[in-house]
Amino acid sequence: MLQRQRDAMLGKNVVVEGPPGTGKSQTIANLIANALYKGWRVLFVSEKMAALDVVKSRLDQAGLGMLCLALHAAGANPSAVIDALRVRQEMRPGTGKGGSGPIDEDTARRAMAAIKSHLAVLHTDVKQLD
């Protein structure tokens with residue numbers, strides 16, 4: 001697990017897997033917290049909703065939950081995503097009151113296009129990527 005943490009902090013993509021109770025969720029939460037500290041963006045994907053919930057809960061406990069944008073099928077309609085992106089943009093240093101203000105529609109459209117692009121890759125069969 002330690003090698004995966006090192007790889008992630010060097011900017012490499014990592015997969016964390018293992019049996020229940022081995023510290024995967026805490027490791028992932030720690031990696032996300034460190035990445036956020038560095039100003040990086042993180043995409044955390046899991047086959048199981050429970051894993052997403054546990055990591056989100058740990059980030060909430062660390063005071064970082066408000067930086068998470070949940071994009072699971074249960075509530076990811078386009079207008080909700082755009083609204084959530086606006087809220088997060090306003091939380092960034094140098095924006096909001098006294099800064100550049102909320103994101104404009106062009107920026108929101110570009111963000112949505114980027115999200116759709118990421119989703120297309122996530123839903124691509126691995127065999128097609130070879």
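Author: Before we start, contact means heavy atoms within 4.5 Å. This is a predicted model, in which local features need pLDDT of at least 70, side-chain atom pairs count only at pLDDT 80 or more, and totals for chains, interfaces and linings use all residues. Residues are numbered from 1 along each chain as its sequence is written, and side-chain values use heavy atoms, with hydrogens and water left out.

Reader: Which residues of H4 and H5 meet?

Author: From H4, Pro78, Val81, Ile82, Leu85 and Arg86 meet Glu105, Ala108, Ala111, Met112 and Ile115 of H5. By class, this contact has eight nonpolar, no polar and two charged residues. Here Ala, Val, Leu, Ile, Met, Phe, Trp, Tyr, Cys and Pro count as nonpolar, Asp, Glu, Lys and Arg as charged, and the others, Gly among them, as polar.

Reader: At what angle do the axes of H4 and H5 cross?

Author: The axes of H4 (residues 78-91) and H5 (residues 105-122) cross at roughly 115° and come within 10 Å. Axes are lines fitted to C-alpha atoms, for helices over the stretch in contact, and angles run from 0 to 180 degrees between N-to-C directions.

Reader: How many helices and strands does the protein chain have?

Author: The protein chain has six helices and zero strands. Helices (H or I, at least four residues) and strands (E, at least two) are DSSP runs, numbered from the N terminus.

Reader: What makes up the largest nonpolar core?

Author: Eight residues make up the largest nonpolar core: Val16, Ile28, Ala29, Ile32, Val55, Leu59, Leu64 and Cys68. Helix H2 (24-37) and helix H3 (49-61) are the elements that give two or more residues to this core, and H2 gives the most, with three. Such a core is a set of buried Ala, Val, Leu, Ile, Met, Phe, Trp, Tyr and Cys residues joined through side-chain atoms within 4.5 Å.

Reader: And what is Leu59 in contact with?

Author: Leaving aside neighbours within four places in sequence, Leu59 is in contact with Ala29, Ile32, Ala33, Leu64, Gly65 and Cys68.

Reader: New topic: where is Trp40?

Author: Trp40 lies in the loop between H2 and H3. Not counting residues up to four places away in sequence, Trp40 touches Ala8, Met9, Leu10, Gly11 and Ala35.

Reader: Why is Trp40 called partly exposed?

Author: Trp40 is called partly exposed because its relative accessible area is 33%. Buried means under 20% relative accessible area, exposed over 50%, and partly exposed in between (1.4 Å probe, protein chains only).

Reader: What share of the protein chain counts as buried?

Author: Of its 130 residues, 20% count as buried.
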